[in-house]
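Here is a protein chain to walk through, part by part. Keep the structure in view as you read.

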Amino acid sequence: MASLTLTNVVKHYGSGKQIVPVIHGVNAEIRDGEFIVIVGPSGCGKSTLLRMVAGLEEITGGTIAIGERVVNNLEPARRDIAMVFQNYALYPHMSVFDNMAYGLKIAKVAKDEIKARVDKAAKILELGHLLERKPRQLSGGQRQRVAMGRAIVRQPQVFLFDEPLSNLDAKLRAQTRIEIQKLHRELGITSLFVTHDQVEAMTLAQRMIVMNAGNMEQFGTPEEVYHTPASTFVASFIGSPPMNLLNHAPGAQTGTTLGIRPEHLDITADGGWAVQVETVELLGAERLVYGRVGDEQLIVRIEEGAPAPQPGDTIHVTPRAHRLHTFDAGTGKRL
Ligand SMILES: Nc1ncnc2c1ncn2[C@@H]1O[C@H](COP(=O)(O)OP(=O)(O)OP(=O)(O)O)[C@@H](O)[C@H]1O
Ligand SMILES: [Mg+2]
């Protein structure tokens, strides 16, 4: 196991006039044994960052260190990492056992040792009874577990995951998420996990890196990111529905964006902000009220049991004062 340190990591694709800057200087100190999630919208550079750590992509500037060792010029096979991708191609003609053992055979690990490691990984992943099967005889979730098994048997210093759950249906994703957490508790291996799904990020991360267009917007625990977002980007990316961001709300100073989460607004008889209700959605345990304060959109979350306003109504809502966030309207940074 090892820590992982990124210092001013920069990536440009292409050269000459065709240069495409993609990562603009990322700094992160990841502790030994930490589970880190990298989250951000499509194209923000998550896979690029991961592939640079893996050594599959050259870095343009900065350093990447695994433990004390700078690995910038080290080939992937010598970095002591294991990677699980979204498209975890298994060898179709090999059994589950052989799929998991393959990398170790290539590395000339002794037969007894291979068997011991595969059996242990199979036990952790509950694949013991499937070792003789071929991939086509497995469900999607089971195949995904074999791909993880293949990474585990390598006993790497660092695990890298690139959206490994995206091909699974919602229920299986939730289940596999719990398995990954369990796995991390048992093995304690430093992990970098990429996703564009903020719920996955919130539930899996010990700390998370929120990326936007090649920049690290925030690096913190899920609580920190949720309760003290560093920018309007983070505020609107993390949390569903997103934080309300208002530039002209009563009480907002010019040049300031006021932020309030839908669950931190209370409906009151009068006073507060007058909201014109446009739509009301029932989501089971709660309702979302969509409306307008002046010309700006506002979402209010209320409990399913509370009286529901109707479209066309005017309601009054009061933001909980200690839950208000303020951002610079120009830069979007938290004030
Ligand atoms: N080989 C390449 N040449 C030029 N640009 C590239 C290359 N590979 C990726 N890019 C660009 O780099 C940016 C980051 O890509 P990357 O694959 O890291 O995004 P991502 O955050 O993983 O997105 P997604 O969630 O869609 O997987 C994108 O704008 C992409 O178009
Ligand atoms: Mg990607």
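Six residues of domain 1 touch eight residues of domain 2. This comes from a predicted model. Where do the domains lie in the chain? Domain 1 covers residues 4-234, and domain 2 covers 242-328. Their C-alpha centres are 38 Å apart.

Now look at the interface itself. The size of an interface is often given as the accessible area lost when the parts come together. Between domain 1 and domain 2, about 580 Å² is buried. Carbon and sulfur atoms give 58% of that area. On the side of domain 1 that touches domain 2, helix H7 (residues 222-227) supplies the largest share, with three residues. That side of domain 1 holds three nonpolar residues, three polar ones and no charged ones. How many salt bridges link domain 1 and domain 2? The count is zero. Polar contacts do occur: three residue pairs make them across the interface of the two domains.

Next, find Pro241. Pro241 sits in the loop between helix H8 (232-237) and strand S11 (244-246). The peptide bond that joins Ser240 and Pro241 is cis, with omega at about -5°. Most peptide bonds are trans, and most residues other than glycine have a negative phi.

Two glutamates have a positive phi. For Glu126, phi is near 55°. Glu126 belongs to the loop between helix H3 (111-124) and helix H4 (140-152). For Glu163, phi is near 45°. The loop that holds Glu163 runs between strand S7 (158-162) and helix H5 (170-187).

Glu163 also leads us to the ligand. Which residues surround ligand 1? Glu163 is one of them, along with Tyr13, Val22 and Pro41. A backbone N or O atom of Gly45 is 3.0 Å from an oxygen atom of ligand 1. Lys46 uses its side chain: an N or O atom there lies 2.8 Å from a ligand 1 oxygen. In the side chain of Thr48, an N or O atom is 2.5 Å from an oxygen atom of ligand 1.

Last, turn to Val10. Val10 is part of strand S1 (residues 4-13). What does Val10 touch beyond its neighbours within four places in sequence? Its contacts are Ile23, His24, Gly25, Met52, Ile59, Thr60 and Gly61. Ala122 is 112 residues from Val10 along the chain, and their C-alpha atoms are 38 Å apart.

How values were computed. Residues are numbered from 1 along each chain as its sequence is written. Chains are lettered from A and ligands numbered from 1 in the order in which they are written. This is a predicted model: local features need pLDDT of at least 70, side-chain atom pairs count only at pLDDT 80 or more; totals for chains, interfaces and linings use all residues. Side-chain values use heavy atoms; hydrogens and water are left out. Domain bounds come from an automatic or database domain assignment. Contact means heavy atoms within 4.5 Å. Buried area is the accessible area (1.4 Å probe) that two parts lose on being put together, summed over both. A salt bridge is a side-chain nitrogen of Lys or Arg within 4 Å of a carboxyl oxygen of Asp or Glu. A polar contact is a pair of N or O atoms within 3.5 Å; within protein, one must be able to donate a hydrogen and the other to accept it, and residues adjacent in sequence count only if both atoms are side-chain atoms. Helices (H or I, at least four residues) and strands (E, at least two) are DSSP runs, numbered from the N terminus. Ala, Val, Leu, Ile, Met, Phe, Trp, Tyr, Cys and Pro count as nonpolar, Asp, Glu, Lys and Arg as charged, and the others, Gly among them, as polar. A residue is near a molecule or strand if one of its heavy atoms lies within 4 Å of it.
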